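Please open the model in your viewer and keep the selection panel at hand. The tour below moves from one selection to the next.

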Amino acid sequence: MITIAALYHFTRFHDPAALRAPLFALAEAQGIKGSLLLAQEGINGTIAGSRSGIDAMLAHIRALPGCADMEHKESHAETMPFGRMKVRLKREIVTMGQPDVDPRARVGHYVAPADWNALISQPDVAVIDTRNDYEVAIGTFRGAIDPQTTSFRDFPAWWEANKDRFHNKRIAMFCTGGIRCEKSTNFLLAQGVEEVFHLKGGILKYLEDMPEDQSLWDGQCYVFDQRVSVGHGLVPGGLATCHACRRPLQPEDLSRPEYEEGVCCHHCANEYSEADRARFRERMHQMRLAETRGTRHLGG
């Protein structure tokens, strides 16, 4: 069984570039795959591998400056959900494009999964999904507001255009693992919203802890690996993904006339140039060649 660890932590790294090589070397030595982002504001990512390998990686990360109390969430898969290991340097570990936002200063009130249902059922609470539109499309909490954003960068503008809708409302926010809400709740507090709450551990922790018969979650939760989605108990949801646009696909979507494996789907049929399509087809060709050799193409 493969152990999958999703993690993030906001802290101050004065030289994130110096942390990259040791992290990557340890991951290589332990057979860990996945993706980690490093920035001056902290670390974010998802990694997968053996139990001992994940434990070694988590111990290394918690030894980094300010990371001793970093929390993480775990799930499991029968096969490796990543093709390779990436450790990247970024300007932000989750991109909001708001330089004054600082989750280390203050954030909204954390709400445990066990208390979430009661909060979002209150009539004076507006529940906002901070994820991208394609994530919301396959699952969200009942009654949640979908900002229909294609990028987290769009959230501040959406709030500015819609803030009057939420006069005298308490705001409850959620996202996949909790990291976006660290920034979005800090942002709303700076905008003068007095009562802001967010789901501790995100949707993943809720789906792990909440019995399905008591759940207010409908659908599946999109995850950024080859499982594509998970449901209650963090069981893989059985969806596919378009290798071109990365949007999730229902099984029946694979029979649509717009679908070409690795090249396009009904969502992105008009979004790419013919040069892009040719590049995607070549990638699929190389992936199939790798499969016949019994190896794994890094783009897969």
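Does Glu135 count as buried or exposed? In this predicted model, Glu135 has a relative accessibility of 1% and therefore counts as buried, the cut-off for that label being under 20%. Select Glu135 and you will find this residue in helix 4, which covers residues 133–136. If you then display its surroundings, leaving aside the neighbours within four places in sequence, the residues in contact with Glu135 are Thr176, Arg180, Tyr222 and Phe224.

Select Phe141 and Phe174, whose ring centres are 4.8 Å apart and whose planes stand at 90°, so that the pair is edge-to-face. Because Phe141 belongs to strand 8 (residues 139–141) and Phe174 to strand 9 (residues 170–174), this pair ties together parts that are 33 residues apart in sequence. Phe141 and Phe174 are both buried.

For another geometry, select Trp159 and Phe166, which form a stacked aromatic pair with 5.3 Å from centre to centre and 10° between the planes. Trp159 is buried, as is Phe166.

Finally, look for charged side chains placed over rings. Select Lys200 with Tyr110, where Lys200 lies over the ring face at 4.7 Å from the ring centre, and then Arg20 with Phe24, where Arg20 lies over the face of the ring at 6.0 Å from its centre.

Methods. Residues are numbered from 1 along each chain as its sequence is written. This is a predicted model: local features need pLDDT of at least 70, side-chain atom pairs count only at pLDDT 80 or more; totals for chains, interfaces and linings use all residues. Side-chain values use heavy atoms; hydrogens and water are left out. Rings of Phe, Tyr and Trp (its six-membered ring) pair if their centres lie within 6.5 Å; planes under 30 degrees apart count as stacked, over 60 as edge-to-face and the rest as tilted. Helices (H or I, at least four residues) and strands (E, at least two) are DSSP runs, numbered from the N terminus. Buried means under 20% relative accessible area, exposed over 50%, partly exposed in between (1.4 Å probe, protein chains only). A charge sits over a ring if NZ of Lys or CZ of Arg is within 6 Å of the ring centre and within 35 degrees of the ring normal. Contact means heavy atoms within 4.5 Å.
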